[in-house]
Each structure stands twice: as C-alpha cells, then as structure tokens.
Amino acid sequence: MNIVGNFYQSVIYDGRWKFILEGLKNTCLIALGAVILGVIIGSIIALIRNYHDHHNNKLKVLNFLAKAYTDIIRGTPSTLQLMIIYYIIFGSVDVNIVIVGVLAFGINSGAYVAEIIRAGVNSIDKGQMEAGYALGLSYKQIIFSIIFPQAIKNVLPALGNEFITLVKETSIGAYIGIVELTKASDIIASRTYDYFFPLILIALIYLTITFILTKLISRMEVRLNHARS
Amino acid sequence: MLEVKDLKKSFGDRKVLKGIDLNIEKGEVIGIIGPSGCGKSTLLRCINLLEEPTSGEIIYNGEKYDRNRNLSKYRREVGMVFQQFNLFPHLTVLDNITLAPIKLGILTEDEAMKAAKRYLKKIDLADKANNYPDELSGGQKQRVAICRTLVMNPKVILFDEPTSALDPEMIGEVTKLMRDIKEVDFNMTMIIVSHEMKFIKDFCTRVIFLDEGKIVEDGTPKQIFDHPKDERLQRFLSKINTR
C-alpha cells in the first residue's frame with residue numbers, strides 16, 4: 001500500500017483537506033455549542049426538580065415537564081431526535097444546519113447533564129442544607145453558595161465524560177448533511193473510491209480531540225482538589 | 001420567651017412526639033435527656049422548624065412561627081449546633097463563619113471578618129482561619145460550628161448532641177466553650193440534647209426527661225438526678241453511668 005500516494009489522493013489533491021478542516025470546525029463548533037447549551041438546560045432542569053422535591057411539590061407543572069423532557073430525550077435515539085428537529089421542527093424554515101446541530105445535540109445533552117447534576121446535588125449530605133437553613137439562609141442562597149459548589153466538584157468527571165461523548169455523537173450530524181468530520185471523510189472517500197485512508201485519518205483526529213479533552217479535564221480535577229490546600 | 005404548645009410530630013404512622021408543652025424563659029439552660037428514640041432530637045429539630053411539626057405551635061417572643069412565616073428572621077435568633085458539625089467543606093474556617101451574616105446583610109464583609117477573627121481568637125483557633133474543615137480535629141470543627149452560630153448573635157442556641165460524634169478527649173473543649181458562652185452572656189438561652197449526664201447535671205439549670213414522645217419529668221438537675229420520681233426515669237438513670 002502506498003501511504004504517500006494515499007495521503008496525497010485523500011488530503012492534498014484537489015484541496016480535499018478543506019473538507020477535513022470544515023469538518024473539524026463544525027465538529028468543534030457543534031460540540032462546544034451543544035455542551036454550553038446542555039449545561040444551561042441541564043442546570044435549569046436540575047434546579048426545577050430539586051426545588052420541587054424540597055418545597056412540598058411546588059412547581060408541579062414545570063417539574064412534570066422537566067421530567068417528561070428527560071424521559072423522552074433519554075428514551076429515544078439521538079439520531080431520531082436530530083432528524084425530528086431538522087425535518088419536522090425546522091422543516092419549512094431556512095436555518096443554518098450547524099445551528100440545528102447545536103440545538104439538537106444541546107437539547108439531547110441537557111437531559112443527561114440534568115441527571116448528572118441531580119445526582120451530584122443528591123450526593124451532598126443533607127446536613128449541609130440543614131446547616132444553611134439553621135443559619136437563616138434561603139433555599140436559593142443555600143443552593144448557590146453551599147450545594148452547587150460542592151456538587152459541581154463531585155460531578156466534574158461525569159460532566160467531562162458527557163462532553164467527550166458529545167464530541168463523538170456529533171458524527172451522526174452526517175445524517176442530516178452536516179459536514180462534520182465523519183461526513184468529511186465520507187465525501188473524500190466517495191471521490192477517491194478508497195475508504196481506508198480517510199476513515200483512519202478521521203479516527204485519529206477524533207482520538208486526538210478526546211485525548212486532549214481527557215487531559216484537560218483531569219488537570220481541572222486536580223486543580224479543583226488542590227485549590228483548597 | 002420560647003413556648004412550645006402541644007407539639008406533635010409523626011413520620012408516616014410513627015408518632016415520635018405526642019404532645020409536648022414547654023415554656024422556656026430567657027437565660028435558661030435546659031438539658032433534654034431520655035432513651036434513644038424518645039424524640040429528643042426531633043423535638044429540637046421541630047423547635048428550629050427544620051422538621052415541620054404535624055401539629056402544635058412554636059411561639060417566640062409572643063409571635064407564632066411556622067415554616068411559611070418569617071422563618072429566616074426566627075432562625076437568626078434561634079441558632080443550632082449539630083452532632084455532625086455540618087461545616088461547609090468547600091469553604092475555609094473563616095468563610096464558614098462569615099457566609100451567613102454577609103449573605104443575609106447582617107454584617108458587612110469587613111465587620112464579619114473582624115467578628116469571625118475575634119471569635120476564632122477566643123477559641124484559640126486564630127491560626128486555623130484559612131484552613132479547611134477537613135484539616136481540623138472533631139473538637140475544633142465543633143467549636144468552629146459553634147462560632148458560626150454565635151456570629152449570628154442568636155438569643156437561643158439549640159445543641160443537638162454536640163459531643164456525641166467526638167472522641168472522648170475532645171468532649172471537654174466543646175463543653176468548656178459552652179460554659180464560656182454562658183459566662184460571657186448570662187442571658188443566652190440554651191437547649192441541649194446530650195448523653196453527657198455529668199455535664200447536663202452541673203451545667204443545666206433545668207432538665208427535662210423525655211420518654212416515648214412525652215415529657216415525663218421536668219425539674220432542676222437535683223430533682224431529676226438525685227430524686228427522680230417517675231419509675232421510667234429511675235430505670236433510665238440506673239442504666240446509665242452518671243459519674
């Protein structure tokens with residue numbers, strides 16, 4: 001097998017690297033946008049459900065919706081959700097496909113992030129909440145200055161995992177024609193009639209991204225653990 | 001100053017408190033004793049409204065309080081110290097003490113820092129101000145937790161088994177701090193649930209014996225420990241070591 005020749009055919013010839021670059025850009029954009037959206041949605045959902053649990057069933061309707069959202073998202077394939085959002089919800093609207101990707105993956109991730117944050121909040125000893133109440137603090141003050149700071153630290157590894165999963169999940173964006181990394185390799189392969197090189201190359205790029213992310217996350221964990229001494 | 005009227009509390013079918021009536025005067029130091037499961041801690045937690053009473057009233061300075069009424073104001077006046085300390089592990093000792101007064105706008109950041117440092121100095125922990133709770137011993141943690149309550153300038157402090165989670169050699173430093181509080185502020189009202197009978201006996205001005213969710217006997221330490229009337233109290237005292 002001629003690696004140099006393959007590389008030339010798949011990457012250099014006819015400016016095919018531009019597909020890879022475009023793919024890399026879109027993969028990163030979608031993953032980043034989706035993780036931000038996911039954390040925002042997830043935090044709000046977790047807050048609603050926690051408030052409901054702590055206030056004798058107040059916010060009943062919101063809590064029901066939050067729970068339904070989590071159940072529906074977690075109970076259906078993400079590919080299907082992506083297609084529903086693209087073909088049905090945005091079916092007759094002209095909208096940037098990358099934005100559709102950010103929305104779909106963000107909405108999907110939000111349900112998982114909500115569960116992660118809820119687990120983190122529930123892992124905090126209930127004495128913390130009681131100590132806060134006993135000092136006269138309000139629920140809101142306790143959640144934001146006592147519970148969340150401790151919970152986030154506990155769930156950071158899980159949130160990091162969620163981000164890494166998200167990066168890989170973006171590959172299904174190819175279904176609706178987003179030129180992300182996987183689609184880029186597909187485009188190149190369809191022109192060179194050789195799947196081997198583009199697919200392996202893209203796999204290596206994914207690996208590099210997730211490797212860097214893993215390192216970043218573990219560094220963040222170490223920093224958080226040492227910030228106190 | 002603090003009145004508990006026909007307080008009842010059930011958890012599901014289990015009736016823990018079956019009608020408690022208690023009138024507490026300013027400056028009283030009340031010890032609550034009784035066999036485990038008799039409802040001592042539940043009573044304390046109901047007084048602080050951490051538990052919502054099933055029925056009954058909590059009246060403080062003539063005003064009725066419940067979970068939907070002036071709760072924050074009430075809890076600033078009625079502090080609580082927990083068996084497990086419940087310090088905030090992500091905050092330094094100093095921030096543990098200053099968090100509530102700053103958040104509630106009672107003290108400015110500057111005033112809170114000064115007050116906290118003054119308290120820490122009094123309990124000989126000034127050098128631990130910037131340490132985190134997990135770097136302290138159990139006795140130190142509980143003393144910091146007591147300071148955290150004191151900085152709110154409460155009129156009543158509830159102690160829920162404050163020394164039960166401590167190693168024996170650390171109990172003394174906590175009980176000493178409690179005595180010091182009383183010495184500095186003669187008007188401080190304290191309600192203490194504890195198994196330290198000797199401490200209850202010579203520190204409290206009034207002792208209440210609770211059994212099966214009811215107050216069985218209520219009197220001076222001398223009456224309770226030396227001349228117990230009720231048979232249940234006699235049995236309870238014979239089982240424990242009061243030396």
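In chain B, β9(B) and β10(B) form a hairpin with two residues between them, and B:E212 in the turn has a positive phi of about 50°. Helices (H or I, at least four residues) and strands (E, at least two) are DSSP runs, numbered from the N terminus. This is a predicted model, in which local features need pLDDT of at least 70, side-chain atom pairs count only at pLDDT 80 or more, and totals for chains, interfaces and linings use all residues. Residues are numbered from 1 along each chain as its sequence is written, chains are lettered from A and ligands numbered from 1 in the order in which they are written, and side-chain values use heavy atoms, with hydrogens and water left out.

**The hairpin**

- Strand β9 (residues 206-211) and strand β10 (residues 214-219) of chain B run antiparallel and are joined by five bridges.
- B:I208 has B:D218 in β10(B) as its bridge partner.

- Two strands pair if DSSP finds at least two bridges between them.
- Axes here are lines fitted to C-alpha atoms, for helices over the stretch in contact, and angles run from 0 to 180 degrees between N-to-C directions.
- Contact means heavy atoms within 4.5 Å.

**The four-stranded sheet of chain B**

- A further open sheet has four strands in the order β2-β1-β4-β5 (chain B), and its pairing is antiparallel.
- At its edges stand β2 (14-24) and β5 (63-65) of chain B; each has a single partner strand, so one side of each is left without a neighbour in the sheet.
- Direction ignored, neighbouring strands of this sheet are turned by 30° against each other on average.
- Strand β1 (residues 2-11) of chain B runs antiparallel to β2(B), and eight bridges join the two.
- B:K9 is placed opposite B:L17 in β2(B).
- Helix α1 (residues 40-47) of chain B lies across β1, β2 and β4 (55-60) of chain B. This helix runs at about 120° to β1(B).

**Positive phi in loops of chain B**

- Most residues other than glycine have a negative phi.
- B:N61 has a positive phi, near 50°. B:N61 sits in the loop between β4 and β5 of chain B.
- B:N86 also has a positive phi, near 55°. The loop that holds B:N86 is between β6 and α3 of chain B.

**Chain A**

- Chain A has nine helices and zero strands.
- Its C-alpha atoms fill a box of roughly 70 × 50 × 25 Å, taken along the principal axes.
- A:D53 and A:R118 form a salt bridge (3.8 Å, N to O). The term means a side-chain nitrogen of Lys or Arg within 4 Å of a carboxyl oxygen of Asp or Glu.
- This pair links distant parts of the chain: A:D53 is in helix α2 (residues 17-54) of chain A and A:R118 in helix α5 (residues 97-122) of chain A, 65 residues apart.
- Over all chains, the structure holds 24 salt bridges.

**The interface of chain B and chain A**

- Contacts involve 24 residues of chain B and 20 residues of chain A.
- The buried area is about 1900 Å², with 57% from carbon and sulfur atoms. Buried area is the accessible area (1.4 Å probe) that two parts lose on being put together, summed over both.
- B:R75, B:F88 and B:H90 supply 26% of the area that chain B buries against chain A, more than any other three residues.
- One salt bridge is counted between the two chains. A:E130 forms a salt bridge with B:R45, with the closest N and O atoms 2.6 Å apart.
- On the side of chain B that touches chain A, α2 (71-77), β6 (78-81) and α3 (93-103) of chain B each give two or more residues.
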